[in-house]
Amino acid sequence: MSNNRGGPPQLSYSEGAPLPVEAPTWAVAARDRINEKREKGLVHKCEPPPGVTRVLLHSCCAPCSGAMVEEMVSSESVEEVTVFFYNPNIHPRKEYEIRKEENKRYCEQIGVPFIDCDYDMENWYKRMKGMEYDPERGHRCTECFDMRMERAALYAHEHDFHAIATTNATSRWKDVKQVDDSGYRSAARYEGLKYWSYDWQSDEMTIRKYQISATE
């Protein structure tokens, strides 16, 4: 299904949506920075790599994927975004199922295709063996990003997507260069496949993720 051109519901980028009255101070500060940029005439614009109309978005959770889908379809160039859930790093299994089902529910709500990939926990453990005590942003994180982006790139190649992207790039807890490098390496395995790199950690994205988690 095409997510967003002519099929219900129509999505649009909603960085201007109001914050809940109980919004935390960091969200209010981000909103104020956005309003200041608007007053200076700085217009937010998101464009995919040249020639990209179909995007496979690897997702770790519903708020991040929802915010990125909205951002992506704000471009007139993008015709379809599909969410791809492959996260064998999430433990325990109960937490994995909660995240997956909530992501699936939100995709159904906004009319976006959702691909439920294998949990693949045993392969994840094998690949991460010997790195159990690596720190955040260490080599284990690189391997974990690689494992998930390689699977996303393979699916994208097999199903004629033009580009891959990942919600991991939205997290300010992650090293965005580490995330992007994994995406570029994985896309480079297949001729014609691109990785969509962008400033997904902007104030606009942070606010929208909070709005989705607080109101949806």
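These legends walk through several close-up views of a predicted model.

**View 1. Strand β2 sits between two partners.**
Start with strand β2, residues 80-85, which pairs with strand β1 (residues 54-58) in the parallel sense over five bridges. If you want a landmark for that pairing, look for Leu-57, whose bridge partner in β2 is Val-83. β2 also pairs with strand β3 (residues 114-116), again in the parallel sense, this time over three bridges. Here the landmark is Phe-84, which stands opposite Ile-115 in β3.

**View 2. Both faces of β2 are covered.**
Stay with β2 and check its side chains: Glu-80, Thr-82 and Phe-84 lie on one side, Val-81, Val-83 and Phe-85 on the other, and all are buried. That makes six of six residues buried, so the strand is largely enclosed by the rest of the structure.

**View 3. Helices link the strands.**
Now follow the chain between strands. β1, helix α2 (residues 62-73) and β2 make up a right-handed β-α-β unit. From β2 the chain carries on through helix α3, residues 93-110, to reach β3, and this β-α-β crossover is right-handed.

**View 4. Strand β4 pairs with β1 and β5.**
Next comes strand β4, residues 163-166, which runs parallel to β1 and is joined to it by four bridges. Leu-56 stands opposite Ile-164 in this pairing. β4 also pairs with strand β5 (residues 194-195) in the parallel sense over two bridges, and there Ile-164 stands opposite Tyr-195. As for the side chains of β4, Ala-163 and Ala-165 point one way while Ile-164 and Thr-166 point the other, and all are buried.

**View 5. Leu-56 in the largest nonpolar core.**
The largest nonpolar core takes in 53 residues, and those with the most contacts inside it are Leu-56, Val-69, Met-72, Val-81, Ile-164, Trp-196 and Trp-200. Helix α5 (residues 139-158) gives the most to this core: nine residues. Zoom in on Leu-56 and you can trace its contacts beyond four places in sequence, among them Thr-82 and Phe-84, Ala-152 and Tyr-155, and Phe-161 and Ile-164.

**View 6. Helix α5 from end to end.**
How far apart are the end C-alpha atoms of α5? They are 29 Å apart, which agrees with the 28 Å that its 20 residues should span at 1.5 Å a residue. Of those 20 residues, 14 are buried, so the helix is largely enclosed by the rest of the structure. After α5 comes Asp-160, whose phi is positive, near 65°.

Ser-65 lies in helix α2. Is Ser-65 buried or exposed? With a relative accessibility of 1%, Ser-65 counts as buried, because the cut-off is under 20%. A polar atom of its side chain lies 3.1 Å from the backbone oxygen of Cys-61. Setting aside neighbours within four places in sequence, Ser-65 is in contact with Leu-57, Ser-59, Val-83, Asn-103 and Thr-167.

Terms used
Residues are numbered from 1 along each chain as its sequence is written. This is a predicted model: local features need pLDDT of at least 70, side-chain atom pairs count only at pLDDT 80 or more; totals for chains, interfaces and linings use all residues. Side-chain values use heavy atoms; hydrogens and water are left out. A nonpolar core is a set of buried Ala, Val, Leu, Ile, Met, Phe, Trp, Tyr and Cys residues joined through side-chain atoms within 4.5 Å. Buried means under 20% relative accessible area, exposed over 50%, partly exposed in between (1.4 Å probe, protein chains only). Contact means heavy atoms within 4.5 Å. Two strands pair if DSSP finds at least two bridges between them. A crossover is right-handed if, with the strands pointing away from the viewer, the path from the first strand over the helix to the second runs clockwise. The expected span of a helix is 1.5 Å times one less than its number of residues. A polar contact is a pair of N or O atoms within 3.5 Å; within protein, one must be able to donate a hydrogen and the other to accept it, and residues adjacent in sequence count only if both atoms are side-chain atoms.
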